[in-house]
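Welcome! Take a moment to look over the sequence and the model below, and then we can walk through a few of the contacts together.

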Amino acid sequence: MKNAVVTGASRGIGLAVVQALAVDLSTPDGPARLIEYAEAELGGIDLLVNNAGGGGARPAGFLSVTDEDWRRTLDLTLFTTIRATWAALPGLLRARRPTSADPTW
């Protein structure tokens with residue numbers, strides 16, 4: 001069995017998971033808190049799927065998007081991916097299984 005962390009919480013199961021964990025992934029410490037929780041509860045993770053994102057509908061078009069809108073979008077899409085990867089990578093590397101096709105092993 002493998003354990004996974006999936007980011008993305010605008011609807012469906014991602015929303016249910018985030019509501020249960022109460023982790024805001026758009027904050028600087030949110031992704032690390034989620035990874036720490038998952039590692040503690042699951043005994044480690046084997047897979048990280050970065051799926052958080054979206055900028056929301058802009059009925060008034062591109063020119064209506066403010067600097068703050070862009071900042072929120074970048075925090076949610078780009079920085080959440082970076083922060084979650086930073087937090088998960090040490091454990092993912094520890095859990096990595098060597099294969100015969102992997103020249104580093």
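How far apart are the closest N and O atoms in the salt bridge of Glu68 with Arg71? In this predicted model, the answer is 2.5 Å. Both residues belong to helix H3, three residues apart, or about one turn of the helix. Glu68 also meets Arg72 in a salt bridge; these two are four residues apart in H3, so about one helical turn separates them.

Another salt bridge pairs Arg58 with Asp69. Arg58 sits in the loop between strand S2 (47-49) and H3, while Asp69 is in H3 itself, so the pair ties together parts that are 11 residues apart in sequence. Asp69 counts as buried because its relative accessibility is 12%, under the 20% cut-off. Arg58, at 31%, counts as partly exposed.

| Salt bridge | Closest N to O |
|---|---|
| Glu68 – Arg71 | 2.5 Å |
| Arg58 – Asp69 | 3.9 Å |

Through shared partners, salt bridges join Arg58, Glu68, Asp69, Arg71, Arg72 and Asp75 into one network.

Now let us turn to the packing of the helices. H2 and H3 pack at an angle of about 30°, with their axes 8 Å apart, and H2 passes H3 in a right-handed crossing. Among the residues in this contact are Ile35 of H2 and Ala84 and Ala88 of H3. By type, the contact residues divide into six nonpolar, two polar and two charged.

Ile35, Ala84 and Ala88 are also among the 10 residues of the largest nonpolar core. H2 and H3 are the elements that give two or more residues to this core, and H2 gives the most, with three.

Terms used: Residues are numbered from 1 along each chain as its sequence is written. This is a predicted model: local features need pLDDT of at least 70, side-chain atom pairs count only at pLDDT 80 or more; totals for chains, interfaces and linings use all residues. Side-chain values use heavy atoms; hydrogens and water are left out. A nonpolar core is a set of buried Ala, Val, Leu, Ile, Met, Phe, Trp, Tyr and Cys residues joined through side-chain atoms within 4.5 Å. Buried means under 20% relative accessible area, exposed over 50%, partly exposed in between (1.4 Å probe, protein chains only). Axes are lines fitted to C-alpha atoms, for helices over the stretch in contact, and angles run from 0 to 180 degrees between N-to-C directions. A crossing is left-handed if the near helix is turned anticlockwise from the far one by less than a right angle, and right-handed if clockwise. Contact means heavy atoms within 4.5 Å. Ala, Val, Leu, Ile, Met, Phe, Trp, Tyr, Cys and Pro count as nonpolar, Asp, Glu, Lys and Arg as charged, and the others, Gly among them, as polar. A salt bridge is a side-chain nitrogen of Lys or Arg within 4 Å of a carboxyl oxygen of Asp or Glu.
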